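Visitor: I am new to this structure and would like a short tour. Could we begin with the terms?

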Amino acid sequence: MKSIRNYYRIFAGAKSMYAQQCFSEGFIGADWGMHVDLTGKLPDNWRDFNHEFIPVYLKANPDKSKVAAGLACGMLHTICKGMLQGDIVLCPDGQGMYRIGEVVSEYFYRPNENLQHRRKINWYDKGIDREDMSVPLKNSAGSIGTVSNLTKYADELEALLEGKQPATLIHTDDAVEDPSVFALEKHLEDFLVANWQSTELGKDYDIFSVDGELVGQQYPSDTGPIDILAISKDQKSLLVVELKRGRASDVVVGQIQRYMGYVKDELAEANQSVKGVIIALEDDLRLKRALSVTNNIDFYRYQVRFKLIG
């Protein structure tokens with residue numbers, strides 16, 4: 001029976017600038033300007049950590065927003081506490097390879113050094129070439145943000161570590177009625193992000209970014225990742241975008257409301273409102289009924305076109 005463990009992709013500093021140091025000294029770490037020893041200050045729940053340390057982060061980084069602070073603190077908690085001994089870390093070496101290692105210690109602090117908040121890692125001799133990954137895994141492993149949870153690709157990662165070429169797998173939490181449609185839709189989120197400025201939403205909103213890097217895709221919340229978090233061009237409104245492959249039902253209304261509640265309580269400034277958008281191939285009567293009494297959530301349909309030209 002396989003042991004249960006999680007898999008994380010972690011950047012060793014911007015553009016993997018500290019990767020070689022991490023490999024040679026046997027650790028992974030992070031900083032974010034939080035120059036304080038977190039020993040004994042790491043609750044099990046990352047939300048409790050965020051409540052205490054978002055003000056600390058904002059004091060150290062007064063030019064940052066609460067959205068940036070929430071992201072940084074959440075990722076810091078993952079590295080320092082969320083990862084367990086035995087979990088697996090993938091760290092890009094900056095040259096197209098991912099070094100693989102196992103977490104072998106609890107949190108420790110190294111003041112006045114690079115990546116002060118650390119975990120010891122037993123780095124394996126073998127690694128994974130980015131080009132050997134499936135497209136979904138490659139996209140997730142290459143996502144913006146210091147930490148990315150890749151556990152849903154555990155089978156593929158284990159196969160790659162064993163030197164096998166895994167079969168192409170479809171990873172989704174959504175039921176799809178038409179597999180042929182899903183095949184065209186499985187990169188819907190990446191396509192929407194890449195073409196955001198050409199959409200209706202792009203006229204009034206920008207996907208949230210920090211220092212020029214998009215952080216609004218798969219933004220973490222305490223009820224799951226938000227597909228897209230955007231901010232209006234006048235900075236007065238935050239937008240939660242929920243994407244559904246195929247048909248959306250009324251269940252998605254409760255889901256997006258939970259995300260919106262998190263954004264309102266944890267991320268929005270005092271003068272910012274929170275709105276929601278559901279994007280799906282089609283809706284149904286139950287969804288229409290639910291949205292008819294909700295004044296801050298809109299629905300958009302998308303179309304998939306496939307055309308061969310001889």
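Guide: Ala, Val, Leu, Ile, Met, Phe, Trp, Tyr, Cys and Pro count as nonpolar, Asp, Glu, Lys and Arg as charged, and the others, Gly among them, as polar. This is a predicted model, in which local features need pLDDT of at least 70, side-chain atom pairs count only at pLDDT 80 or more, and totals for chains, interfaces and linings use all residues. Residues are numbered from 1 along each chain as its sequence is written, and side-chain values use heavy atoms, with hydrogens and water left out.

Visitor: How many cavities of 30 Å³ or more are there?

Guide: The count is 1 cavity of 30 Å³ or more. On a 1 Å grid over the protein atoms alone, a cavity is a set of points where a 1.4 Å probe fits but cannot get out, and lining residues have an atom within 4 Å of a point. Its volume is the space filled by probe spheres set on the points, which are joined across faces, edges and corners.

Visitor: Which residues line the largest cavity?

Guide: Trp46, Arg47, Asn50, Ile54, Tyr262, Glu266 and Leu267 do. Two or more of the lining residues come from each of helix H2 (46-60) and helix H9 (251-267); helices are DSSP runs (H or I, at least four residues), numbered from the N terminus. H2 gives the largest share, 4 residues. By class, the lining has 4 nonpolar, 1 polar and 2 charged residues.

Visitor: What does H2 meet in H3?

Guide: Trp46 and Phe49 are among the H2 residues that meet H3, where the partners include Lys66 and Ala68; contact means heavy atoms within 4.5 Å.

Visitor: At what angle do H2 and H3 pack?

Guide: H2 and helix H3 (residues 66-82) pack at about 125 degrees, with axes 8 Å apart. Axes are lines fitted to C-alpha atoms, for helices over the stretch in contact, and angles run from 0 to 180 degrees between N-to-C directions. H2 and H3 are therefore oblique to each other, as angles under 35 degrees count as roughly parallel, over 145 as roughly antiparallel, 65 to 115 as roughly perpendicular and the rest as oblique.

Key: On a 1 Å grid over the protein atoms alone, a cavity is a set of points where a 1.4 Å probe fits but cannot get out, and a pocket is an open set with protein on both sides within 12 Å along at least five of seven lines; lining residues have an atom within 4 Å of a point.
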